[in-house]
Amino acid sequence: MEQMDELKRKVLELLKEDARRTPALMATLLGADEEEVKTAIAQMEQEHVIVKYATVVNWDKVDDERVTALIEVQITPERGRGFEGIAERIYLYPQVKSVYLMSGAYDLLVEVEGRNLREVANFVSEKLSPIDAVLSTKTNFTLKKYKQDGIIFEDHEEDNRLMISP
Amino acid sequence: MITNKTQIAGEQNKSMTSYLAPLVQQIQPSGIRRFFDLAAGSKDIISLGVGEPDFKTPWHVREACVYSLERGFTGYTSNAGMPELREGIASYLHTRFDLDYDPANQIIATVGGSEAIDLALRALISPGDEILIPEPCYISYSPITSIGGGVPVGIETFGKDRFKLTAEGLEAKITPRSKILILCYPSNPTGAIMSREDWEPIAKVVEKHDLIVISDEIYAELTYGGNHTSFASLPGMMDRTILVSGFSKAFAMTGWRLGYACGHPDLISAMLKIHQYTVMCAPSMGQVAALEALTNGMEEKDRMVDSYNQRRRLIVKGLREAGLECHEPQGAFYAFPSIAGTGLTSDEFAQRLLREFRVAAVPGSVFGLGGEGYLRCSYATSVSQLNEALERIGAFVALLKKERENKA
Ligand SMILES: Cc1ncc(COP(=O)(O)O)c(C=O)c1O
């Protein structure tokens with residue numbers, strides 16, 4: 001059991017580096033059996049440990065209008081359910097990319113993506129603010145993304161070693 | 001621009017070689033240098049030719065150095081190195097390899113492991129002394145021996161022994177002039193390591209013939225299954241061994257130029273004399289960084305070793321699938337496959353691989369006796385690059401096979 005957990009953890013690390021790695025390659029890297037790796041992946045998909053295989057995109061490099069805002073939301077929690085119900089109401093909107101419950105000065109951090117400022121502003125004023133439990137919102141537009149999911153977009157740490165060295 | 005200038009200047013200069021010390025004149029430029037020139041300038045080459053980690057120095061180490069600079073730590077340190085660093089090295093060697101050195105008089109911080117090797121040889125060699133060097137090995141031992149007035153004596157080691165040194169091999173090369181044995185395990189270029197059982201008969205020969213040992217253990221942290229046994233930890237060997245190591249490989253700190261030597265106080269104090277008159281002290285920034293690496297760097301080091309191990313499995317499998325015989329390297333970050341079956345010399349193989357398939361690797365012949373017929377492939381490079389390189393090597397070996405069939 002412990003061995004399986006260890007294998008799973010290593011597989012996750014390898015997939016986080018590059019989601020396109022095949023079970024065969026990962027089995028070689030880890031000195032494990034290919035079938036074991038496949039089983040581990042299948043189990044983790046089933047259990048939603050692996051939720052999705054995604055691609056990190058630097059949209060700034062694509063000719064495609066897109067703005068992101070991080071919205072700080074203060075909320076009156078509901079009796080019995082706390083923040084869950086309101087969080088769900090908010091995260092179901094397709095323009096909402098992520099929702100986190102936060103400690104500190106506000107309750108939810110909501111990441112919203114739209115084609116332009118107006119679209120995001122409309123979402124906040126027409127959808128988010130009118131929700132009864134929402135006390136206040138503070139919208140912060142992102143100007144540039146430097147790093148996301150541990151990936152630095154303009155990576156300066158290139159390999160500048162000599163071709164051949166002792 | 002600059003190249004032009006030097007060329008013009010070069011044309012005007014008359015030859016000055018007659019002024020050179022004969023010892024230096026006799027030294028051949030290294031075979032690695034020649035391959036470096038061949039590979040230089042091309043962008044699309046995949047390199048398996050590098051003898052250094054592909055990681056950057058761990059961030060906290062870089063940060064500690066930057067912070068010390070901000071606080072103005074920019075001067076000389078004591079000749080032997082900052083006392084805190086020497087204490088750090090002593091306690092590290094105690095915990096990791098069961099070695100006890102007194103930081104007050106048994107440890108010097110040096111400019112890389114390179115300087116430590118040079119100091120040891122210069123402190124020990126009298127003209128004509130024979131220096132025993134198991135080969136294939138790191139390219140510097142033999143030239144520095146010669147520069148120091150010693151006579152390098154190669155001891156061939158073999159693929160069938162997984163490139164381990166044997167007592168018989170060593171004994172066969174001993175003469176009344178033999179004085180020093182240079183050991184390098186885990187080995188660059190073969191990846192061989194030596195276990196305690198492997199060492200015991202060697203220690204007997206060393207004792208019997210009253211040899212001094214310079215043990216270059218710079219790859220000690222990089223072993224995969226089977227831990228490193230320091231030669232100095234064998235009974236009776238501590239006093240006759242100069243342990244050489246450094247931070248370049250274990251902590252990805254090649255450019256910092258920080259290494260160290262440990263040994264008997266008499267030997268260390270002789271080395272310290274040369275050290276203080278030649279370099280004064282190791283770079284202070286490097287010393288700060290090295291201390292941080294020793295103090296807080298083990299987790300990062302383990303992570304890097306884990307990653308080398310993964311790539312080691314990949315390259316060994318890939319080389320074998322490409323049709324090359326390859327023993328399993330147990331340390332460092334080199335695979336050393338045999339290319340003897342292809343009918344090419346290692347130099348021809350490496351040259352054609354570079355020119356026709358854009359993969360740089362180092363021909364085994366540059367590493368001395370026993371290296372011919374092999375290729376050094378560093379796996380300190382990314383998984384995707386390794387995969388691509390292995391594919392190209394496979395294609396090259398297949399092409400060679402076809403060529404041989406067509407000839408037959
Ligand atoms: C076996 C061996 N010893 C010593 C060195 C030199 O290391 P440093 O950077 O500490 O001078 C190297 C570097 O490639 C090496 O492979």
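In strand S4 of chain A, Phe141(A) is the bridge partner of Ala69(A). This pair belongs to a predicted model, and the complex receives an ipTM of 0.87 and a pTM of 0.92 from the predictor.

**Confidence**

- Chain A has a mean pLDDT of 93, with 98% of its residues at 70 or more.
- Within chain A, the lowest confidence falls in strand S6 (residues 151-152), where the mean is 87; the highest falls in helix H2 (residues 23-30), at 98.
- For chain B, the mean pLDDT is 95, and 97% of the residues reach 70 or more.
- Where pLDDT is low, the predicted coordinates should not be read in detail.

**The sheet of chain A**

- Chain A contains an open sheet of four strands, ordered S2-S3-S1-S4, with antiparallel pairing.
- Its edges are formed by strand S2 (96-101) and strand S4 (134-141) of chain A, each of which pairs on one side only.
- From one strand to the next, the twist averages 20 degrees.
- Seven bridges link strand S1 (residues 67-75) of chain A to S4(A) in the antiparallel sense.
- Helix H4 (residues 84-91) of chain A packs on this sheet and touches S1, S2 and strand S3 (108-114) of chain A. The direction of H4(A) makes about 165 degrees with that of S2(A).

**The sheet of chain B**

- In chain B, seven strands make up an open sheet with mixed pairing, in the order S2-S8-S7-S6-S5-S3-S4.
- Strand S2 (107-110) and strand S4 (151-156) of chain B are the edge strands, each pairing on one side only.
- The twist of this sheet averages 20 degrees from one strand to the next.
- S2(B) and strand S8 (residues 259-262) of chain B run antiparallel and are joined by four bridges. Opposite Ala109(B) stands Tyr260(B) in S8(B).
- Helix H10 (residues 265-278) of chain B lies across S2, S6, strand S7 (241-246) and S8 of chain B, at about 30 degrees to S2(B).

**Helix H9 of chain B**

- Helix H9 (residues 196-208) of chain B consists of 13 residues and spans 18 Å from its first C-alpha to its last, close to the 18 Å expected at 1.5 Å a residue.
- The buried residues in H9(B) include Trp199(B), Ile202(B), Ala203(B), Val205(B) and Val206(B).
- Among the elements covering the buried residues of H9(B) are helix H8 (167-172), strand S5 (178-183) and strand S6 (212-216) of chain B.
- After H9(B) comes Asp210(B), which has a positive phi, near 55 degrees.

Definitions and conventions. Residues numbered from 1 in each chain as written. Chains lettered and ligands numbered in written order. Predicted model: local features only at pLDDT ≥ 70, side-chain atom pairs only at ≥ 80, totals over all residues. Heavy atoms only, no water. pLDDT = per-residue confidence, 0-100. Helix = DSSP H or I, 4+ residues; strand = E, 2+ residues; numbered from the N terminus. Expected span 1.5 Å × (residues − 1). Buried < 20%, exposed > 50% of the residue type's maximum accessible area, 1.4 Å probe, protein only. Contact = heavy atoms within 4.5 Å. Pairing = 2+ DSSP bridges. Axes fitted to C-alpha atoms, helices over the stretch in contact; angles between N-to-C directions.
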